[in-house]
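Please read it with the structure open.

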Amino acid sequence: MDVTSRRRFLQMSGVAGAGVLASPILGCGDDAAGDGGVDAAPAPAFPVPPLDDGELVGGVRLFRLRLQSGSVEWVAGFPTATYGVNGAFLGPTLHFRRGERVRLEVSNALGETTTLHSHGLQLPAASDGGPYQTIAAGATWVTEFDVVQPAMTAWYHPHQMDATARHVYMGLAGVILVADDAPGVELPSTYGVDDLPLVIQDRRLAADGTHPYSPGRAPSMHDLMAGMRGETMLVNGVRQLRGVVPRGLVRLRLLNGSNARAYQLGFVDGRTFVQVAGDGGLLAAPVTATRVLLSPGERAEVLVDFGGDVAGTTVALASFSGEVFSRLYAGTMGGNVSDTLDRTTFELVTFEVGAAPVTSLTPPATLPAIERMTADQAVRTRSIVLDMTGPSVTINGARMTSLGASVPAAINFQIPSGSVERWDVTNNSFMMHPLHIHNRHFQILDIDGVPPPVELAGWKDTVLVAPGQIVRLMLRFDGTTDAALPYMFHCHILEHEDMGMMGQFYIVEP
Ligand code: C2O
Ligand code: CU
Ligand code: CU
């Protein structure tokens, strides 16, 4: 699967700094230059982040990323201070190709230390961009690694110890597309036309455009415990995102890039879609569905057929959050850490059906098989207990308080390379926690003893664990060993991560 770019957004992405943008990354311009775009798809395109193909330098694909401040006018007349990557808010979609070597040059113009983590990628610990790979204000972090995994949708965001939630909320995040040449499965892949990333986020914007992470402000203890939510929905950085899609099959790469909110996504007209991929790439079979549930950090790729719609029809993608509320939040305490939107239905994106595409695809009938890992493959088992007590969020009763230290010292694993482990993840608290593991994709063995449905049976890196649930995971710890640098695993509610709901593991020589 390849992604073609018409580079129509590059101008937009250059706007930054003091500039005020009504639509930070909106890409409704036309392809006047037509600079090498190979597709003949109908304009106008859908508002998506600019596609960054990098630049081949000596056989290595180089991406130059600048972390910078800016502002966006989501509230008319009141610009909100933001962070962005090569722009005012969010960052370009990075197009990686399996088998290539990638070089990231990340310069930090923020005026404060941060990091840039590649969520979902298999890489050496030194390239992970976790809390150990800090980039001081004014510095540039350079890292190189091989793209080893199959096609998937990943993403990048900061991972600065104690500041991840604020840095992401300010706007540092972007999509990574990994493409490969694996034959057999043909999916819509014209970026910005029928292959659309949707970065779903919520922000709590006051009438003056500020939010609780704005300079000089701070979230409350309640916000930290619940995880920061907001009532203003942004998709690709835009309020009430609306765009034209071809009258045919469209692929949506859904990313929950929110700090804390889960979404039960579906279309308001009840139409079905076909889910073909989860966090770690293609599922073992296409799944026809009307809903997909995404907790923070999770991704899904779905195919939506607009071929039966009359041109000019509009249909909205919404979150039917009320349907899953009682599963994700238990009892009175669960009620306290959720908000009104978590109990209701709200719209996120409006699709307007345009002209029919030149060639129209149909969803694949089958997908390549995925070999299931089995419980007996595990050489050891770990139990991972997620809990919240008082003002504290814990893993196995411990909190990571600073790099390399947890109190008590319970969440620091040494794992011999090549071992297969089973992690039994229990949620003893009253709210859902999305557990994310760096570097290794895992399979869900079962959820409360029941094998997962197909959409959860593929490779994953983030898993929603509901209150009272036990989710058992199978992991194979291959890859580069490093006795000095660990990988992280943590709750992807970013306030929980910052409060220490995080542990680390080293992949060491067997
Ligand atoms: Cu998406 Cu450790 O992060
Ligand atoms: Cu990650
Ligand atoms: Cu959590």
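Predicted model: local features only at pLDDT ≥ 70, side-chain atom pairs only at ≥ 80, totals over all residues.

1. Copper ion (ligand 3). Three residues coordinate the copper ion (ligand 3) at 2.1 Å: His433 through ND1, Cys491 through SG and His496 through ND1. Along the sequence, the spacing of these donor residues reads H-x57-C-x4-H. Cys491 and His496 are both buried.

2. Copper ion (ligand 2). Here the donors are NE2 of His117 and NE2 of His436, at 1.9 Å. The pair brings together distant parts of the chain: His117 belongs to strand β8 (residues 117–119) and His436 to strand β30 (residues 433–437), 319 residues apart. His117 counts as buried because its relative accessibility is 1%, and His436 is likewise buried, with a relative accessible area of 0%. The cut-off for buried is under 20% relative accessible area.

3. Largest pocket. The largest pocket holds about 560 Å³ of space. It is lined by 24 residues, and those closest to its centre are Pro150, Gly280, Leu282, Ile370 and Trp459. Sorted by class, the lining comprises twelve nonpolar, six polar and six charged residues.

4. Nonpolar cores. The largest nonpolar core is made of 48 residues, and Phe46, Leu198, Leu252, Leu254, Leu265, Val349 and Phe351 have the most contacts inside it. Strand β23 (residues 345–353) is the main contributor to this core, giving five residues. Domain 1 (3–179) and domain 2 (195–353) each supply at least three residues to this core. Another core, of 46 residues, lies apart from it and includes Leu435, Val463, Tyr487 and Met499.

5. Cis peptide bond. Most peptide bonds are trans. The bond joining Val407 and Pro408 is cis, with omega about -15 degrees. Pro408 sits in the loop between β27 (405–407) and β28 (412–416).

6. Positive phi. Which residues other than glycine deserve a look here? Asn236 is one of them, with a positive phi of about 55 degrees; Asp448 also has a positive phi, near 50 degrees. Asn236 lies in the loop between β13 (232–235) and β14 (238–239), and it counts as buried because its relative accessibility is 0%. Asp448 is placed in the loop between β31 (442–447) and β32 (462–465), and Asp448 is partly exposed, with a relative accessible area of 44%.

Key: Residues numbered from 1 in each chain as written. Chains lettered and ligands numbered in written order. Heavy atoms only, no water. Donors = N, O, S within 2.8 Å, 3.2 Å for Na, K, Ca; no water. Buried < 20%, exposed > 50% of the residue type's maximum accessible area, 1.4 Å probe, protein only. Helix = DSSP H or I, 4+ residues; strand = E, 2+ residues; numbered from the N terminus. 1 Å grid on protein atoms, 1.4 Å probe; cavity = no way out; pocket = protein on both sides within 12 Å on 5 of 7 lines; lining within 4 Å. Points joined across faces, edges and corners; volume = space filled by probe spheres on them. Nonpolar A, V, L, I, M, F, W, Y, C, P; charged D, E, K, R; others polar. Core = buried A, V, L, I, M, F, W, Y, C linked by side-chain atoms within 4.5 Å. Domains from an automatic or database assignment.
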